[in-house]
Every structure is written in structure tokens, then in C-alpha cells.
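Hello,

Here is the structure we talked about. Please open it before reading on.

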Amino acid sequence: MLIEITGIIIVLMALRALIARDRSERMLYLNALSFGMSALIALYIQSPFGAIIAITSFVTSTISSNAIAYSMGRTPEEILIK
Amino acid sequence: MAIDFINISTVSAAVSLIGAAGIILLPKPIDKVIMFGMLQGGFIGMIVAGKYLDVAMVAALFDPISTVILLIAIVKINDVRKEKSKAQEELDIA
Amino acid sequence: MIIHVNIVTVLSYILAVLSAIIVGFIVKLPLLPERPIRYSFTISIIFPTTVIALGLSAMVFELGWGGIMVGVITGILSALISKYLLEKILPEPTEPVEGES
Amino acid sequence: MNEIIGIIIAAVLSWANFVLIDTWMGLPEKPGVKGADVIGRGVKKRGGDLSGGFFQGNIVCSPDASAGTILGAISCYTIGIPAGGFIAALLVFIGNRLCADPGYAGTSGALSIMVIIALASFIGIPPEQFIVGMLLAIVTIQGIDHPRASRLLGKIAKRMGRYTELT
């Protein structure tokens, strides 16, 4: 029951991130998705090393979100090659 | 029942497929990098579903490094293109 | 109630925190960060030395060693770590200079 | 106890825990890093509140009390009640310092959710329902409607005296 609720929320967040229009909106959905992945890993493994993997994957995904948001501020609009 | 179909393998595969579709469909480079972050999350889930926990640890540690390298390339090439277009407007040379 | 400890482990946690605080006073760490507390990066006794002492002693107890002496030694080690080593491995962030690419 | 009711009670407790600690530690007051500023102004441009936007941006850009809450619940589920909370607090502190944040909110969130889980086991809510409850709580902030959520967070910040002074 718990894994099913978590899985439905994760797939919903992934679809909303795909069809979002704005870029900062997409970052917020990605963060909710990484919360869900970390919860799913801990619910599936159920041992202390599972908790360590969940914590590590969440912290590293937060670091990459930090880098993406910083470079979103650096380059507001990108120049595309036609 | 359809609810028996939801477990960690199918959810991780679905997240990876949605991330790959986003990488192909969205036009801007930073959008592509955001969807690449989603694909990394699904990939770690797929490894954990096979119970290869050490591989999952290494994948979780090396993911932000690849993201940062891609972002450095995007920011740098954007700066170069901006300089080039400014020079073309001012001096009218290639 | 689902607390998974016995009385010796609780006593070891308390002794780890106490020894960390005493060694922190000996090596002259400040007691509290400067105000406003919620934005300061100063390493002090209350934060993060007690958090490091609790976390390290929890890791050591979960790995199999137990007892009061292990708690005291972990507290001393965590105070020394937060005084001499934490500034090097997790430095305070610096503002990026404007115009630097 | 029925599982659905337990999850809903756990969601309410986790929501109150992380929103109160994050607001008290000054997340809506200013963006800690530059990415939080970008996300907050993006939320404001879509019709939200600037202070709530800074709150959401700070949650994205560094592991704050929300991350402390869910990681503390995970560790209490898989490791045990006092040890898991302490290990989660230490690891969240390291992650906070890697993301250029002082780290008060994450550690206090992890320690307080450990106390809440230990107290809630008296009325029969196990820790795994807190994991799913925290996921539901973060979805109400980050996943449903960002402008409305940011206006609610702005009201809470104004009530607690942590409203932003930037424009």
C-alpha cells in the first residue's frame, strides 16, 4: 500500500515536470520527485545501508539542483544555432 | 488489478522513459539538463531494484559531477555565442 | 513505544555529549555563534559539536562497539574534529566575484 | 489503526514540523544562494508571493528541515529510534554545508521528527507511515499549485515576523 502511493505520486510528478511551461516550475517538480525516489528506495530495501543510499542520493540530487539553478541565473536566455 | 503493477521496477522505468522523452522533445539546453537529472533518479531506482547496492552508491556519488560538467559547457558556449553576436552587430565582420 | 536502546547506551550518549562539551571548553571553542544565529557559520560548542558527537557515537554503536568508554572517546574525538578539521573539509562559502567567468 | 488515517495524521504532523522550523530559521527572509533567488522570482512572476517563493527556492537548493524530516523518518524506520535520528542529523549537516548553508534547519528538523515519531508510536503510527506522510506534505508545497502555496507560506511568514524586505 505504501509503495503504491509513493509510486503514483512519483509518476504524477514526472508527467507534470514534462509538460510544465516554465523552467523554475520544472525545478520544483524535480525536487518533489527526488523526495519520492529516496522514500521509495528506503521502503524497498529496509536495511541500514538502504538508508545510507537514500540519504546520499537525496543530497547529491540537491547539489545538482543547486548547480542547475545557479546557471539558470547566469544564462537567462540561451542563444540557439539555427 | 492495476495496482499490483506498481512496484519499484516499473516506477523507475517509467521515470527514466519520461526523462529520456524530455531530453529528446524539449528544445532548450538547460531544460535538457533538468530532464537528465530526472533520468539519473530513475536510473538509481532501477539499480536499487536489482539490489546492486554498491553500484547504486557509486552512481549516486557521480551524478552531480556529470551534471556540473554539462552545465559548465553550456554556460561557456553561451558566453562565446553572445560575444560573437555582439561583435557581428558592432563591426559587421564575421 | 519503540525505542531500541538500553540504559547503558543512553548513558553512553550523555557521556559523549558531556565529554565533547568539556573538551570544547578546553580547546577554547566559543559557546554560541554570534548573532543572528541563524545566518552565522561559526563553529561553536552547541552547534555543530554536539551534533557531530551524537552522530559519530550513533554510528560507532551501530557498528558493534558499545560501552561507556567508547562514548567518552568519541566525544573527545568529535570536539577535536570540529576544532581542527571541520574548517578545512567544509569551508565557509565565499561570494563569487562579479565579472569573473 | 487504519493505514489511511495514520498516513493523514502523519502528513499533518510532518507539515507542521517542517513549515514551522523552516520559517523560524529564516528561509522566507532572504535567498541563501543565487539559485533560490532565481526560483523565487520565477514563482512571483507566475502570480505568487515573493517570500513564499524564496521558501520554495531554498528547499530546492539545499537540504533544509524538509529534507531533515524525510531523512530522519527513513533512518528511524531502517536503523532504529535514537541512532537513526542522530545519523540522519549528521549526514544532513554535511549536505547542508556542501550546499553553502549554515545547517541549523536541517539538523533541528531531523532531531525533532525523531521525537515526534517516538511520541506518535504511543497512538500506533509506525515510522513508515511518516515517510509517506512527509511525501504527501512536500507534494502539497511543491507539486500542486505553486502560486497558491506561496501565498499561504507568505501569510505564515508574515504572522511569524519573518517576511522578506527585498522587492
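Below are notes on the interface of chain D and chain A.

This is a predicted model: local features need pLDDT of at least 70, side-chain atom pairs count only at pLDDT 80 or more, and totals for chains, interfaces and linings use all residues. Residues are numbered from 1 along each chain as its sequence is written, chains are lettered from A and ligands numbered from 1 in the order written, and side-chain values use heavy atoms, with hydrogens and water left out.

Confidence: chain D has a mean pLDDT of 89, with 99% of its residues at 70 or more. pLDDT is the predictor's confidence in each residue, from 0 to 100. For the complex, the predictor gives an ipTM of 0.91 and a pTM of 0.91.

Contacts: 42 residues of chain D touch 39 residues of chain A (heavy atoms within 4.5 Å).

Area: about 3500 Å² is buried between the two chains, and carbon and sulfur atoms give 78% of that. Buried area is the accessible area (1.4 Å probe) that two parts lose on being put together, summed over both. D:Val60, D:Thr78 and D:Leu135 supply 15% of what chain D buries against chain A, more than any other three residues.

Salt bridges: there are two between chain D and chain A (a side-chain nitrogen of Lys or Arg within 4 Å of a carboxyl oxygen of Asp or Glu). One joins the side chains of D:Arg46 and A:Asp22, at 3.4 Å, N to O.

The side of chain D that touches chain A divides into 27 nonpolar, eleven polar and four charged residues. Here Ala, Val, Leu, Ile, Met, Phe, Trp, Tyr, Cys and Pro count as nonpolar, Asp, Glu, Lys and Arg as charged, and the others, Gly among them, as polar.

Best wishes
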